[in-house]
Amino acid sequence: MIELRPFATQDLALLRQCNTPAMTAHLGGPETPEALVVRLRRYVEDASPGAMRVIVSNGEAAGSIGYWEHADGETTVWEIGWAVLPTFQGRGIASAAIRAVVDLAAAHQVHQELHAYPSVANEASNALCRKASFVLLGSLEFEYPKGHWMRCNDWSLRLDAVADK
């Protein structure tokens with residue numbers, strides 16, 4: 001149904017499509033065009049196992065997903081984040097991409113937990129966490145982007161349990 005591929009320089013159009021007020025309503029709003037170019041460069045140059053990837057559905061770029069290290073108090077965990085374009089929403093694409101990234105993070109065997117931090121008001125992302133068997137740990141204040149604080153849910157998935165399946 002989906003595949004994940006590395007970002008390439010021609011994916012600036014995808015980042016622009018994901019940078020609308022509607023798509024970034026729970027993330028502090030759209031970035032400047034210059035910030036998008038910087039972010040794309042970072043994505044293209046990142047060769048780590050959890051690097052941001054383009055979600056491809058039927059040959060079309062449908063969104064992006066990835067995971068990265070996040071310091072959670074004294075512990076470091078994986079954090080996951082995703083964006084699926086409105087025209088691709090409601091088709092199970094986000095769920096399939098999350099499952100694929102959970103498997104990648106579990107296989108990476110560096111951290112035992114994968115966390116997602118959707119805004120408490122982002123019903124769709126919270127529902128995706130629930131559907132993917134993440135456990136809600138509570139809510140907290142989260143800084144994203146830098147300088148913008150928001151109230152988020154802290155969802156956690158034990159990767160050792162996923163790896164044992």
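His 115 is a buried residue, at 1% relative accessibility, where buried means under 20% relative accessible area, exposed over 50% and partly exposed in between, with a 1.4 Å probe and protein chains only. The model is a predicted one, with local features needing pLDDT of at least 70, side-chain atom pairs counted only at pLDDT 80 or more, and totals for chains, interfaces and linings using all residues. Residues are numbered from 1 along each chain as its sequence is written, and side-chain values use heavy atoms, with hydrogens and water left out.

His 115 sits in strand β5; strands (E, at least two residues) and helices (H or I, at least four) are DSSP runs numbered from the N terminus. Leaving aside residues up to four places away in sequence, the contacts of His 115 (heavy atoms within 4.5 Å) include Asp 72, Val 77, Trp 78, Glu 79 and Ile 80, along with Phe 134, Leu 137, Asp 154, Trp 155 and Ser 156. Its side chain also makes a polar contact with the side chain of Glu 113, at 2.7 Å. A polar contact here is a pair of N or O atoms within 3.5 Å; within protein, one must be able to donate a hydrogen and the other to accept it, and residues adjacent in sequence count only if both atoms are side-chain atoms. As for Arg 99, 16 residues away along the chain, its C-alpha atom is 13 Å from that of His 115.

Now for the strand pairing around β4 (residues 75-84). Eight of the ten residues of β4 are buried, so the strand is largely enclosed by the rest of the structure. Strand β3 (residues 60-72) pairs with β4 in the antiparallel sense, over ten bridges; two strands pair if DSSP finds at least two bridges between them. Within this pairing, Val 77 of β4 has His 70 standing opposite. The β3 and β4 hairpin has two residues between the strands, and Gly 73 there takes a positive phi near 70°. β4 and β5 run parallel and are joined by two bridges, with Trp 78 standing opposite Leu 114 in β5. To get from β4 to β5, the chain passes through helix α3 (residues 93-108), a β-α-β crossover that is right-handed: with the strands pointing away from the viewer, the path from the first strand over the helix to the second runs clockwise.

Glu 113 meets Arg 158 at 3.6 Å, N to O. Arg 158 belongs to strand β7 (residues 149-158) and Glu 113 to strand β5, so this pair ties together parts that are 45 residues apart in sequence. Arg 158 is partly exposed at 35%, and Glu 113 is partly exposed as well, at 22%. Another salt bridge joins Arg 151 and Glu 141, whose closest N and O atoms are 3.1 Å apart. Arg 151 is partly exposed at 37%, and Glu 141 is partly exposed at 43%. Salt bridges with shared partners draw Glu 113, Arg 158 and Asp 160 into one network. Elsewhere, Asp 11 and Arg 5 form a salt bridge at 2.8 Å, N to O; Asp 11 is buried at 4%, whereas Arg 5 is partly exposed at 25%.

Turning to the aromatics, a search of the whole structure gives three aromatic pairs. Rings of Phe, Tyr and Trp (its six-membered ring) pair if their centres lie within 6.5 Å; planes under 30 degrees apart count as stacked, over 60 as edge-to-face and the rest as tilted. One of the pairs is Phe 7 with Tyr 43, tilted because the planes stand at 55°, with the centres 4.9 Å apart. Phe 7 lies in the loop between β1 (2-6) and α1 (12-17) and Tyr 43 in helix α2 (residues 33-45), a separation of 36 residues. Phe 7 is buried at 4%, and Tyr 43 is buried at 12%. Tyr 117 and Phe 142 form a stacked pair, 4.6 Å centre to centre with 25° between the planes. Tyr 117 comes from the loop between β5 (113-116) and α4 (123-131), and Phe 142 from strand β6 (residues 135-143), so parts 25 residues apart in sequence are tied together. Tyr 117 is buried at 8%, and Phe 142 is buried at 11%.

Definitions and conventions: A salt bridge is a side-chain nitrogen of Lys or Arg within 4 Å of a carboxyl oxygen of Asp or Glu.
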